Amino acid sequence: MAKRNNEYRSLSDALKDFINENKLEKGLEKIDARDAWINLMGNGINNYTTDIQLKGDTLYVSLSSSVLREELSYGKEKIKTMLNEELGREVIQKIILR
């Protein structure tokens, strides 16, 4: 039988508890990281983005343009900082462009 709390809680707190109890943080971080890349990079870069995967604390981004990959490689630290700011926490420690 499920544990029932008789105290009043906000929906936000209830969802956080549910996520923690069911160990869903990593799955949500993967979705959040993908969404953050899409939001921050805009259509120009997203048109060349073929895959985005968060594995552990490393974000793997597959690009169909070697020229764009080279250009983005110069700003990986700034991109990492911007993505973590968008996520509101330090999720990404490393970006691998491939």
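**Close-ups of a predicted model**

**View 1. Asparagine 46 reaches back to glycine 42.** A polar atom of the asparagine 46 side chain sits 2.8 Å from the backbone oxygen of glycine 42. Keep in mind that this is a predicted model. Asparagine 46 belongs to helix α2, which covers residues 25-46.

View 2. Is asparagine 46 buried or exposed? Its relative accessible area is 17%, so asparagine 46 counts as buried, the cut-off being under 20%. Leaving aside residues up to four places away in sequence, asparagine 46 touches Trp37, Ile38 and Met41.

**View 3. Stepping back to the fold.** Here we have 4 helices and 3 strands. Which order do they come in, starting from the N terminus? The elements of the protein run α-α-β-β-α-α-β. Of the contacts with a separation of 6 or more, 51% are between residues 24 or more positions apart.

**View 4. The overall dimensions.** The protein has a radius of gyration of 17 Å, whereas a compact globule of 98 residues would come in near 13 Å.

View 5. About 7,100 Å² of the protein is accessible surface, and carbon and sulfur atoms hold 50% of that. As for burial, 28% of the 98 residues are buried, and asparagine 46 is one of the buried residues.

Methods:
Residues numbered from 1 in each chain as written. Predicted model: local features only at pLDDT ≥ 70, side-chain atom pairs only at ≥ 80, totals over all residues. Heavy atoms only, no water. Helix = DSSP H or I, 4+ residues; strand = E, 2+ residues; numbered from the N terminus. Buried < 20%, exposed > 50% of the residue type's maximum accessible area, 1.4 Å probe, protein only. Polar contact = N/O pair within 3.5 Å; in protein donor to acceptor, adjacent residues only side chain to side chain. Contact = heavy atoms within 4.5 Å. Rg over C-alpha atoms; globule rule 2.2 N^0.38 Å. Areas by Shrake-Rupley, 256 points an atom, 1.4 Å probe, with all protein chains shown as cover.
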